[in-house]
Amino acid sequence: MLRCSILYRRSLTRFSKNPNFGASSTFSGRNLSPSIDSNVHNELGRVFRFPCSIWYNYITIQNPKFYCSEKLKSGALSEWTEEIEYLDESGSVMYTGKGVRSVEPGLDDHVMAGGIKKPFLNASAVEKIVEIVKRWKWGPEMETQLDKLQFVPNMTHIIQTLKIVNESNELVSLFQWAKRQPWYVPNDECYLVVLDELNRSRDFERMRSLFEEIIRDFSDNGVSSFSSCNRVIQYLAKAEKLELSFFCFKKAHESGCKIDTQTYNTLITLFLNKGLPYKAFEIYESMETAGCSLNGSTCEMMIPSLAKSGRLDGAVKLFQEMKQKNFRPSFSVFATLVDCMGKAGRLDTSMKFYMEMQNFGYKSSATLFVSLIESHVKAGKLESALRLWEEMKRTGFRPNYGLYTMMVESHAKSGKLEIAMSLFQDMEKVGFLPTPATYSSLLEMHAASGQVDHAMKLYNSMTNAGFRPGLSTYTALLTLLANKKLVDVAAKILLEMKGMGYSVDVSASDALMVYIKDGSVDLAFRWLRFMESSGLKTNNFIIRQLFESCMKNGLYESAKPLIETYVNSAAKVDLILYTSILAHLVRCQDEQNEKHLMSILSATRHKAHSFMCGLFTGPEQRKQPVLSFVREFFQGINYELEEGAARYFVNVLLNYLVLMGQINRARCVWKVAYENKLFPKAIVFDQHIAWSLDVRNLSVGAALIAVVHTLHRFRKRMLYYGVVPRRIKLVSGPTLKIVVAQMLSSVDSPFEVSKVVLRAPGDCVLEWFKKPIVQQFLLNEIPSRADILMHKLNTLFPSSAPEIRSLSPPKPLAAMKNV
């Protein structure tokens, strides 16, 4: 019998006296024999030694295999002839039995105890694999040792081993070795163990590679690896690997992998933290499609992001879902909703969330009060803003500088000057220095409301505080002072404005324009003299406005220097301005004023004045007939630009010529004007039915000339060509019908007067045309009786005198012509 005793722990050395049994190995106690009882298992891993009376061969086996009986080449089994006793340190026998028959390592999943198969325990297999992995770490050596295991591992052994090994390199090497084995089956739990270790070691590149393997296994073998895919995405997202996590998310989603709620929440949190709300919204939409829901913490982040990005309806919807799930909204959620709703102009909804926040027991912060007040102010809800202002002060918060400024300016601009001044005074009391913008808004609104004293007080306070008023503030103040006719004060402010470095020419001209529009010509000239003394210049438009104001008020002597200044500054007097001066001449009664007006007409240097002077001269001086002279002048008019001005000139000129008794010249002007289609719809020939003349848009003189000239044309058609219409109409309108009717009644005309029309049958008019007096009337001149000629002129031009004008050209015109 062979005896062996236990000497050392942690290693086991076997000795043999039979040379054929040269197997000595180092192994764990469980490999000795599966038939060893539980007491013996506690002594495994010790060193066995034979007594010294026996000759020993000591052999150490580097590649351990378990052989308690030898398998010969011929296939015969060489068994032990005696039993082996296993002794403990005290020499007592622990176990006695024959040796174990040999097995094929890596092929058999059992050992032989005599003739009985004994299966390996899972715990024993796991310990053996763990021992190899920890000893050989990783690489070809470890894989070689694993290939020589005397049992066939399964996925349970690998998973348990992976849970024990805590080194990422060893774990990954063991996993990769297992994947190459024929017995390997893809397993989600196995992936999860590896992923946990890779996350612990922060090895995200290997994690990405493993993720691709998981996707391939899912695509090729249909293995469900949903948990593994979600775990990868979660680990990458928590590690803030934004691009990598989103790539894995998209790939898993495209592969048909089901994404769980936790993964969605982790990804959304990552994108929100990285300031990418729109990507988070994209994932959120996918999440809703998948039927998943946000957790409480993600809702806390998602609702503010939705609100700040303008998706207010989505934020409100998610807020309602949050409450339905009994998640308690935080103060930040309420504050964001109140703020964003207010800024979007949805004040009712904003106040609703504000009241709900208070019902949850939250107290408003100073920032939230500021946001609410700003929202109501910008929406024009100043009363609500003032209530919130008072509530803020009652709560103990002190309004900041910006809020004071906003409240003062908003109430000032809305015209609530009393409240604005009250807030302004409170602002000064609490120690805030008003901004120039605050001063300006108050000053401008007081100026707009005409409160000179308050405006000047604010101006002095502003300048004493060292602030420089803006251009708009100066303009408003100058306008106020000009409207109040405070010329001296306005001049002082303008000089201070100039001293501040502003260009004051425009502001001074604006003030001058205020005096002109108000009709204060004396003040306007006073202000103009101040501008000239200060070296300030105005523009031609203002000069023209002042000139026209002087003409309107009859200050012709003062108007002449203005028109000379206007012309000398390279400004061109247009036909409208010249005609307006001529219209004043038509109305003028005083001979001295007529001289001033004629000198003003001469100062315009307009071509129409040369035409007027030539019109009143004789044919010897003109060297052409009147009609040709008139046609030449009207051919020089640009009708595209001056058609309206030419029509106005003809009306005023015909008035002047009629009043001066120049009927033939007037008829020439009307004929040429009609030829140039200045009055295209005045005369209408409707075959044999009706002929008509429309003079409603003409002046009195133009209407009289048009009636006489047109009736002369009608007479020629009826008598010479024998064309007689059924009726003839003179459409005069209510203004001119009396003067036209009175003129025709002097020669017993057949025309009957209605409301706006003088009409007569064609036959009656034909008989009337045959009378010699009518022929003389139509061929020569209009009767110069004052009661006929001046009837309507006095109504239209009240300043016109009823006396008969001289038929000779006025002396100023003749004098200017000679010049």
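1. Strand E12 (residues 752-753) pairs with E13 in the antiparallel sense over two bridges, where two strands count as paired if DSSP finds at least two bridges between them. The two form a hairpin with three residues between them, and Val753 stands opposite Leu758 in E13. Helices (H or I, at least four residues) and strands (E, at least two) are DSSP runs numbered from the N terminus.

2. This is a predicted model, in which local features need pLDDT of at least 70 and side-chain atom pairs count only at pLDDT 80 or more, while totals for chains, interfaces and linings use all residues. Residues are numbered from 1 along each chain as its sequence is written, and side-chain values use heavy atoms, with hydrogens and water left out.

3. Strand E13 (residues 757-761) also pairs with strand E11 (residues 727-731), in the antiparallel sense and over five bridges. Within this pairing, Arg759 of E13 is the bridge partner of Lys729, and Val757 of E13 is that of Val731.

4. These strands belong to an open sheet of five, in the order E9-E10-E11-E13-E12 and with mixed pairing. Its edge strands are E9 (683-686) and E12, each of which pairs on one side only. Helix H35 (residues 700-720) packs on the sheet, touching E9, E10 (690-694) and E11, and its direction makes about 165° with that of E10. Helix H37 (residues 762-769) packs on the sheet as well, touching E11 and E13, with its direction at about 85° to that of E13. Contact means heavy atoms within 4.5 Å, and angles run from 0 to 180 degrees between N-to-C directions, with axes being lines fitted to C-alpha atoms, for helices over the stretch in contact.

5. Helix H10 (residues 261-273) and helix H11 (residues 277-290) pack at an angle of about 165°, with their axes 8 Å apart. The pair is therefore roughly antiparallel, a term used for angles over 145 degrees. Residues making the contact include Tyr264, Ile268 and Phe271 of H10, and Ala280, Ile283 and Met287 of H11.

6. Helix H5 (residues 168-179) has twelve residues, which at 1.5 Å a residue should span 16 Å, and its end C-alpha atoms are 16 Å apart, which agrees; the expected span is 1.5 Å times one less than the number of residues. H5 is mostly covered, as nine of its twelve residues are buried, meaning under 20% relative accessible area (1.4 Å probe, protein chains only). Among the buried residues are Glu170, Leu174, Phe175 and Trp177.

Definitions and conventions: Buried < 20%, exposed > 50% of the residue type's maximum accessible area, 1.4 Å probe, protein only. Parallel < 35°, antiparallel > 145°, perpendicular 65-115°, else oblique.
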